[in-house]
Amino acid sequence: MTPAPTHAPQPTDVPAQAVRARCALITGITGQDGSYLLELLIGKGYSIHGILRRSSSFNTGRIDHLYVDPHLRLAQAAGQMTLHYADLTDAGSLAKLVRQIEPDEVYNLAAQSHVRVSFDMPVYTAESVAMGALKLLEAVRDYEVITGRDSDPAARVRYYQASSSEQYGKVRETPQCETTPFYPRSPYAVAKVMAHHATVNYREAYGIHASCGILFNHESPRRGETFVTRKITRAVGRIKLGLQPRVYLGNLEAKRDWGFAGDYVRAMWLMLQQSAPDDYVVATGRTLAVREFCELAFAHVGLDYRDFVAEDARYRRPSEVDLLRGDAAKARRMLGWEPTTTVEQLAAMMVEHDLELARREKTLRDAGHATERQRGPE
Ligand code: NAP
Ligand code: F7E
């Protein structure tokens, strides 16, 4: 049974405490960006609902600290956050959740987000990335119609779509901005292009307050360990402490515009606070080759990357994106957004974090526990 809508404007004589907190639904809450966005929204007093997909092992490692970190006000954080089992491939679970939660803001961050893996799993990638976005947009559209929120501009649900610089693919102009044409080079990017256009279409066709953030690569100590920056910084920590001899990488010449994930989730939130929906590039404007990121990361611990980085064709992609550099002038102008972290600071932050992980691993190894890990070809 769907609860009665609570989004309607409150009468002026209702006491302030009776006005409900803004409510956000986050798909991908257990991922890198979801965890930073969750922290941001907790700080802003939101009531947050997140989608958790069923796994045979624990997949809440990035958000578990919100239950135990006293700096995040344990009781409040626990009360503000609710996790629900659902999946982007399951339209019914999404529609039911949107009706139950009655969100003011929906952040669609969930995805099979690994570009290399998308060549191995193109259909599932399209199911989660492209069809997943469409299913969620449909859930929002139906909910708005059923509750009448579609006819009250102040009550419209605000929707964020996690678009990607990968959509630019084989670029013919640099830097890339909101009007640069898309030329996707992977099943992941193809699927993101569809999700992007679907979001724009729902905005234009149904008036949904839907915005796309075209985010360039953003990293952090919470980055998945098979993305290249984290793979490098994990290796730096382990090599420095003698836990592994070298790291194998694919294309060292690819160039990316790398920023800090904590900065980028702020841009997502800012987009949904605008009176009109729109699309924005979020980027630092600087680009570095993978080789240069290696140089930075290894130099942070006094090592020369050339002594420890080896190439392995397994990590190359069938079709590559050679160069990305974003122009975030519109986000700066319209949202007042600026990145606060340089790529040098980012590399240092990640290496410091991963040195600490390596220290713990070494302690375990020295105490006789096995620490070797198997990796796939990502
Ligand atoms: P991430 O760390 O890989 O997190 C992906 C999240 O999606 C995880 O919570 C994952 O759950 C969830 N997920 C995957 N498949 C799902 C499904 N079928 N149903 C429900 N949830 C599912 O990705 P991220 O770096 O935080 O990126 C967030 C979003 O931004 C993604 O859509 C990504 O494609 C996009 N993006 C990322 C970047 C970047 O540089 N990070 C740049 C542009 C766009 P589990 O934890 O259970 O795996
Ligand atoms: O690769 C090269 C690789 O996997 C970056 C996702 O968050 O950002 C991410 O996609 C570059 C590529 O990120 C290895 O060929 C070399 O040129 O860290 P990545 P990505 O493919 O740019 C975008 C914006 C997203 O939207 C995605 O969701 O590094 N590279 N050697 C390698 N990459 C990996 N993973 N592993 C290597 O060994």
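I'll start with ligand 2, whose shell takes at least three residues from domain 1 (21-221 + 258-282) and at least three from domain 2 (228-254 + 287-320 + 342-366). Keep in mind that this is a predicted model.

In total, 23 residues surround ligand 2, and the closest are Ser113, Ser164, Tyr188, Arg317 and Glu320. By class, that shell has eight nonpolar, eight polar and seven charged residues.

An N or O atom in the Arg223 side chain sits 2.9 Å from an oxygen atom of ligand 2. For the side chain of Glu166, the distance from an N or O atom to an oxygen atom of ligand 2 is 3.4 Å. Thr226 contributes a backbone N or O atom, 2.9 Å from a nitrogen atom of the ligand. On its own, ligand 2 has 690 Å² of accessible area, and the protein covers 96% of it.

On to ligand 1. What surrounds it? There are 25 residues, with Thr30, Asp33, Asp87, Ser113 and Tyr188 the closest.

Ligand 1 exposes 900 Å² when taken alone, of which the protein buries 90%.

Which elements give two or more residues to the shell around ligand 1? They are helix 1 (32-43), helix 6 (122-147), strand 5 (158-164) and helix 7 (187-206). Strand 5 gives the most, with three residues.

Technical notes. Residues are numbered from 1 along each chain as its sequence is written. Chains are lettered from A and ligands numbered from 1 in the order in which they are written. This is a predicted model: local features need pLDDT of at least 70, side-chain atom pairs count only at pLDDT 80 or more; totals for chains, interfaces and linings use all residues. Side-chain values use heavy atoms; hydrogens and water are left out. A residue is near a molecule or strand if one of its heavy atoms lies within 4 Å of it. Accessible areas come from the Shrake-Rupley method with a 1.4 Å probe; for residues, only the protein chains shown count as cover. Helices (H or I, at least four residues) and strands (E, at least two) are DSSP runs, numbered from the N terminus. A polar contact is a pair of N or O atoms within 3.5 Å; within protein, one must be able to donate a hydrogen and the other to accept it, and residues adjacent in sequence count only if both atoms are side-chain atoms. Ala, Val, Leu, Ile, Met, Phe, Trp, Tyr, Cys and Pro count as nonpolar, Asp, Glu, Lys and Arg as charged, and the others, Gly among them, as polar. Domain bounds come from an automatic or database domain assignment.
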